[in-house]
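Please keep the structure in view while reading.

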Amino acid sequence: MNPVSYSNNSEYFERKRTELNRALSFSGLILGEDGKVRFTSKATTLKESEERASKLKSELLLRNVHSDVLKFCKAELLEENYFHAVLEATKSIANKIRALSGLKNDGASLATQAFSLGSNNLPMLAINTLESDTEISEQKGFINLLIGLFGTFRNPTAHAEKIYWEINEQDALDILSLASLVHRKLDITKLLP
C-alpha cells in the first residue's frame, strides 16, 4: 500500500485503503494516506466497523451538506478521521476561490484579494449585488468568515501534528457544516470586471 505505487490511480488506492481499514479496525489499526499504519480504537463487531465507515457521512447527509465538502473529504469521512476531513474541506474552499478568481495565493491573502472592495469600491468576486449597505456589510463579513475559517481550522490542521490538535465528532460536524455554507455562498459568487 505504498502510495507511490498508485500515483496513476489514486481512486483505486483509496478504495483499497478503505477496504483494508475495515479489516484493520478490528486490530485497532488504521492505514493513513501516507501508507503508514497507526493505532486507533479497536472495533469489535462488523456493525461497529461499518458504523465507523458511515456514521459521520450519514450525519453530514442529514445536514444536507454541500456536495463539494463530501467530494473533497470522502476517504477521511469513511475513516472518521476528523482532523483530515476538516483539513480537506477547508482546502476545498481555497481551491474553489482560486478556480473562480484565477488567483494563485492561499488562505487569508486569497480571501482578501478575491473579496475585498477595491479602489473602485468593487471586489474581484461578489457574493451579492453590493447595492445596499447591508449587502456591502455581508461582503465584508464574508471576508472575515473566510479569514477566520482558514486561520482557525485550516492552518492548525495543515501545520500541527494530529496528536496536538484534537477534534471530536461534534466539532468536525460543525466545521464541515460551516464549510458547506461557504461553498453555497461561493456557488452564487460572481466574477466582476
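1. Basis. This is a predicted model, where local features need pLDDT of at least 70, side-chain atom pairs count only at pLDDT 80 or more, and totals for chains, interfaces and linings use all residues. Residues are numbered from 1 along each chain as its sequence is written, and side-chain values use heavy atoms, leaving out hydrogens and water.

2. Confidence. The chain has a mean pLDDT (the predictor's confidence in each residue, from 0 to 100) of 85. Of its residues, 88% reach 70 or more. Confidence is lowest in helix H4 (residues 74–78), at a mean of 64. It is highest in strand S3 (residues 125–126), at 97. Helices (H or I, at least four residues) and strands (E, at least two) are DSSP runs, numbered from the N terminus. Where pLDDT is low, the predicted coordinates should not be read in detail.

3. Loop residue. Asn-128 lies in the loop between S3 and helix H7 (133–159). Is Asn-128 buried or exposed? Asn-128 is buried (under 20% relative accessible area; exposed is over 50%, partly exposed in between; 1.4 Å probe, protein chains only), at 14%.

4. Its partners. The Asn-128 side chain reaches the backbone oxygen of Glu-135 at 3.0 Å. A polar contact of 2.8 Å links the side chains of Asn-128 and Glu-138. A polar contact is a pair of N or O atoms within 3.5 Å; within protein, one must be able to donate a hydrogen and the other to accept it, and residues adjacent in sequence count only if both atoms are side-chain atoms.
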